[in-house]
Amino acid sequence: MTSQSPDIRTSTEAPVRAPSAVPVDDAVLPFEVGALDLRGRLTRLGPVIDEILTKHDYPPSVGKLLGEAAVLATLLGSSLKFDGRFILQTQTDGPVSFLIVDFQLPDRVRAYARYDASRLKPGQDSATLLGKGHLAMTIDQGPDMNRYQGFVALEGGNLEDAAHEYFLRSEQIPTRVRLAVGEEWRGGNSPKHRWRAGGMLLQFLPKAPERALQADLHPGDAPEGTVAHTVAEDDAWVEGQSLIATVEDVELIDPELSGERLLYRLFHERGVRVFAPLPLRAQCSCSRDAVSTMLKSFEPKDRAEMVKDGKVVVTCEFCSSVYEFTPDEAGVE
Ligand SMILES: [Zn+2]
């Protein structure tokens, strides 16, 4: 082949460089595998998830589940092009009856879970902790804008399953999600415990929509003998799914493995482009003013019932900050 061949196109896009070996924690790294029409995002959480989970001293299994939810919220919410809010919450009948991740774009994350300690047992996985119910995703673009809410049933699966179901039913975008949370113990005289979390979202976005057709997950309540709906998936998406399936939990949370190296490991044969990482931080948006406004929105009778020992004390469920008011300040008559 000669360099004059008219079939050779020189790329005018971003220059090729080696993947950085420097791990970047607390960020979402967008990427693209152009040859396969794949787009994705990789989240790595270090100090951010450690701060969120340590503040509440969650039992390990609950911390792991909430960490998975936080990663999922950053993978989904970071695609929004405005500075609003992405809220992911579950309401279920399992030992963790409620959890919420509030991702205030562009970078603030807070989260908490409610659980029944008496129902926790060793060895329960995230799906068991959730049980059955639903997962809701809310996009809030501010007081003058419409809120968007998407729901997906949780029927005994984990959050990865719920995300797959959501994208299949609602968005109809072929999507795979991987989530991982782990505890890291650092040796020494006083062993130090740290939470870490990571995840990846991969989507198939071909220009021709017919290439994105997907088979139904299962025939559901169809009468016996019904032939399951089968669609031959596009080769590029088959390859994308098999690549993301090889990602191990430890690779998603390994503090020594950079996100770029992980992406290179997966997609180097096809070529992968990474974009600027989006940094994240653990920060609550509560304030004394906001709590005061909330108190004033309550019925006078409810406000009066909150007075204990001559004061009204409100604890933020997200960050455990405590706000104290005199009955007068709290608007109690
Ligand atoms: Zn707070």
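**The zinc site and the sheet**

Mentor: Along the chain, the donors of the zinc ion follow the spacing C-x1-C-x29-C-x2-C. This is a predicted model, and in it the protein donors are the SG atoms of Cys284, Cys286, Cys316 and Cys319, which lie 2.2 to 2.3 Å from the zinc ion. The angles among the four donor atoms are 104 to 113°, and the site is tetrahedral.

Now take Cys284 and Cys319, which are 35 residues apart and link distant parts of the chain. Cys284 is in the loop between β12 (281-282) and α8 (288-297), and Cys319 is in the loop between β14 (311-315) and β15 (322-325). Both Cys284 and Cys319 are buried.

Strand β12 leads on to the sheet. An open sheet of six strands runs in the order β7-β6-β3-β4-β5-β12, and its pairing is mixed. Its edge strands are β7 (147-155) and β12, each of which pairs on one side only. Further in, β4 (residues 96-104) and β5 (residues 108-115) pair in the antiparallel sense over eight bridges. There, Val101 stands opposite Ala111 in β5.

Two helices pack on the sheet. Helix α1 (residues 47-56) touches β5 and β12, and its direction makes about 35° with that of β5. Helix α2 (residues 60-77) touches β3 (85-92), β4, β5 and β6 (132-140), and its direction makes about 35° with that of β4.

Note on methods
Residues are numbered from 1 along each chain as its sequence is written. This is a predicted model: local features need pLDDT of at least 70, side-chain atom pairs count only at pLDDT 80 or more; totals for chains, interfaces and linings use all residues. Side-chain values use heavy atoms; hydrogens and water are left out. Donors are N, O and S atoms within 2.8 Å of the metal (3.2 Å for Na, K and Ca); water is not among the atoms, so sites may look incomplete. Four donors count as tetrahedral if all angles lie between 85 and 135 degrees; four count as square planar and six as octahedral if opposite donors are over 155 degrees apart and all others between 65 and 115; anything else is irregular. Helices (H or I, at least four residues) and strands (E, at least two) are DSSP runs, numbered from the N terminus. Buried means under 20% relative accessible area, exposed over 50%, partly exposed in between (1.4 Å probe, protein chains only). Two strands pair if DSSP finds at least two bridges between them. Contact means heavy atoms within 4.5 Å. Axes are lines fitted to C-alpha atoms, for helices over the stretch in contact, and angles run from 0 to 180 degrees between N-to-C directions.
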